[in-house]
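Colleague: I would like to learn how to read a model like this one. Can we go through it feature by feature?

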Amino acid sequence: MNVVVPKELFPGELRVALIPAQVPQLVQAGAHVFIEQGAGEASGYIDEEYKKKGAEIVNSRKNLLAKAQVVLKVRAGAADSEHPNDLKDVPEEAVVIAMLEPYMRHESFGLFLKKKLTAFSLERVPRTTRAQAMDVLSSMASVAGYKSVLIGAMHSQKMFPMMMTAAGTIRSAEVFVIGAGVAGLQAIATAKRLGAHVRAYDIRTASKEQVESLGARFVEFDLDTGSSESNQGYAKQMSEEFYRRQRELMTAELAKSDVVITTAAVPGKKAPVLITASMVDAMTDGSVIVDLAAERGGNCELTKLNETVVAKNVRVVGPNNLASSSAYHASQMFSKNISTFFLNMIKDKQWNIDLEDDIISSCLVCRNGSVFDESLTEYFS
Ligand code: NAD
């Protein structure tokens, strides 16, 4: 079986789908691994290392794709929105495994159907214990959570740790994390390591224990959060009245904070606006908001993707694709996730798409040219 790994083309995307360390496992499972020349260079993985581990380097993208029975990518489909025809050279009936953003209509999906491709969207890996090693969203959220704190610290005029010096005592910075999912918990841990005093808030009260286990204080508001969690453990979309009341209660917490990290997301929906312009106005001069939800519209009303907006001396940072900014480790994690997913479909060196396996069926979006999950039909038309 020919497994090909093209270089990522999306602007600013530095990750690679497979790193050299995972090549031997795939080879052992019966795959011939082909890597586009320089595919791992931007993330620190050189062609020589891939070769040493048993992969073959192909210098023409067209030739590489023409060999493919399986394509492993970080971004394809709507997640590589600027390259709708990127997979036009893959043979019919090839398999694509990547982040696809399948909830967004995109012309590339037309090509998937025309070429009778079978495509798996890694964003749809279920949040179960067995699937944990394949969960790219959690891996990338961890990287983003870590990086968000470094960005906050760089933009802040304050240092994070308490310091007792001959020139006086420096108080530790106040960090407030909104949304304690995977990214938020990693942000809390990172801010604690840097010595900040950390508070966090989430509408899922189940996260209180996790926040406290990291040594942060869980902020509670007098709000009815009874229906805030779905059966899968995700936050549900709340009413506008709920968000209005939440913003009212949150204003005082923001005013006490030097750095605010927002990570609140509702799967499949635009991010809820939790911080309005007037709340920013009430914050202390010099404070910083790092909005990790910027790619999904932002948790702060003032957020602009990929920009730092300065409003009344508060900096609102809207980073884009943070995982790519730590491309070496992000690729290492992505590569482990994608190869575990791939190997789960190999039995006795043979390709085996077992639809009884919930991980496989959850991620399968189209098969041999037909949309597999009917709820996605509108995005593939
Ligand atoms: P996410 O990225 O969907 O959202 C980030 C956080 O924002 C969530 O904690 C959410 O509750 C919170 N949020 C949403 N609206 C909010 C609001 N109005 N105010 C404050 N916070 C708000 O979250 P995630 O990282 O995907 O994690 C969601 C859950 O899934 C967590 O319980 C996490 O532990 C769990 N999880 C489980 C697995 C697994 O079992 N394999 C893997 C990953 C995550």
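Colleague: Is N313 buried, partly exposed or exposed?

Modeller: First, a caution: this is a predicted model. Now the idea. Buried means under 20% relative accessible area, exposed means over 50%, and partly exposed lies in between. N313 has a relative accessible area of 40%, so N313 is partly exposed. It sits in the loop between β14 (308-311) and β15 (314-317).

Colleague: What is the phi of N313?

Modeller: Start with the general rule. Most residues other than glycine have a negative phi. In this model, the phi of N313 is near 60°, a positive value in a residue other than glycine. E101 is not a glycine either, and its phi is positive, about 45°.

Colleague: Where does E101 lie?

Modeller: E101 belongs to the loop between β5 (95-99) and α4 (107-114). Its relative accessible area is 32%, so E101 counts as partly exposed.

Colleague: On to helices. How should I read the length of α5?

Modeller: Compare the span with the expected value at 1.5 Å a residue. Helix α5 covers residues 136-155, 20 residues in total. From first C-alpha to last, α5 reaches 28 Å, close to the 28 Å expected. Helix α10 (residues 327-343) gets the same check: its 17 residues should span 24 Å, and its end C-alpha atoms are 23 Å apart, which agrees.

Colleague: How many residues of α5 are buried?

Modeller: The count is 14 of 20, so α5 is largely enclosed by the rest of the structure. Look at its start too. There, a side-chain oxygen of D135 comes to within 3.3 Å of the backbone nitrogen of L137.

Colleague: And which residues of α10 are buried?

Modeller: Begin with the geometry. An α-helix has 3.6 residues a turn, so residues three or four places apart point the same way. Now take α10. Its buried residues include A327, A330, S331, F334, S335, N337, I338, F341 and F342.

Colleague: F342 has a ring. What kind of aromatic pair do F342 and W351 form?

Modeller: The general idea comes first. A pair of aromatic rings is described by the distance of the centres and the angle of the planes. The structure holds six aromatic pairs. One of them joins F342 and W351: it is tilted, with 5.7 Å centre to centre and 40° between the planes. F342 has a relative accessible area of 1%, so F342 is buried. W351, at 26% relative accessibility, counts as partly exposed.

Colleague: What is the geometry of the pair F242 and Y243?

Modeller: That pair is edge-to-face. The centres are 6.0 Å apart, and the planes make an angle of 85°. Both F242 and Y243 are buried.

Colleague: Rings can also face charges. Which ring lies under the charged end of K67?

Modeller: The ring of F34. The charged end of K67 sits over that ring, 5.1 Å from its centre.

Colleague: Now polar contacts. Which side chain does the side chain of D86 contact?

Modeller: Look for N or O atoms within 3.5 Å of each other. The side chain of D86 makes such a polar contact with the side chain of R61, at 2.9 Å. D86 is in the loop between β4 (70-75) and β5. With a relative accessible area of 11%, D86 is buried.

Colleague: Which residues come nearest to the ligand?

Modeller: There are 22 residues around the ligand, and R127, S138, V182, D202 and R204 come nearest. Take the polar atoms next. A polar side-chain atom of R204 is 2.8 Å from an oxygen atom of the ligand. A backbone N or O atom of G181 lies 3.1 Å from a ligand oxygen atom. T128 has a polar backbone atom 3.5 Å from a nitrogen atom of the ligand. On its own, the ligand has 830 Å² of accessible area, and the protein covers 85% of it.

Colleague: Last, sequence against space. How far apart are N59 and E36?

Modeller: Read both separations. N59 and E36 are 23 residues apart in sequence and 5.9 Å apart in space, C-alpha to C-alpha. N59 lies in the loop between β3 (56-58) and α3 (61-66). Its relative accessible area is 58%, so N59 is exposed. Then take L223 and V310: they are 87 residues apart along the chain, and 31 Å separates their C-alpha atoms. L223 is in the loop between β11 (217-218) and α8 (240-255). At 15% relative accessible area, L223 is buried.

Key:
Residues are numbered from 1 along each chain as its sequence is written. This is a predicted model: local features need pLDDT of at least 70, side-chain atom pairs count only at pLDDT 80 or more; totals for chains, interfaces and linings use all residues. Side-chain values use heavy atoms; hydrogens and water are left out. Helices (H or I, at least four residues) and strands (E, at least two) are DSSP runs, numbered from the N terminus. The expected span of a helix is 1.5 Å times one less than its number of residues. Buried means under 20% relative accessible area, exposed over 50%, partly exposed in between (1.4 Å probe, protein chains only). A polar contact is a pair of N or O atoms within 3.5 Å; within protein, one must be able to donate a hydrogen and the other to accept it, and residues adjacent in sequence count only if both atoms are side-chain atoms. Rings of Phe, Tyr and Trp (its six-membered ring) pair if their centres lie within 6.5 Å; planes under 30 degrees apart count as stacked, over 60 as edge-to-face and the rest as tilted. A charge sits over a ring if NZ of Lys or CZ of Arg is within 6 Å of the ring centre and within 35 degrees of the ring normal. A residue is near a molecule or strand if one of its heavy atoms lies within 4 Å of it. Accessible areas come from the Shrake-Rupley method with a 1.4 Å probe; for residues, only the protein chains shown count as cover.
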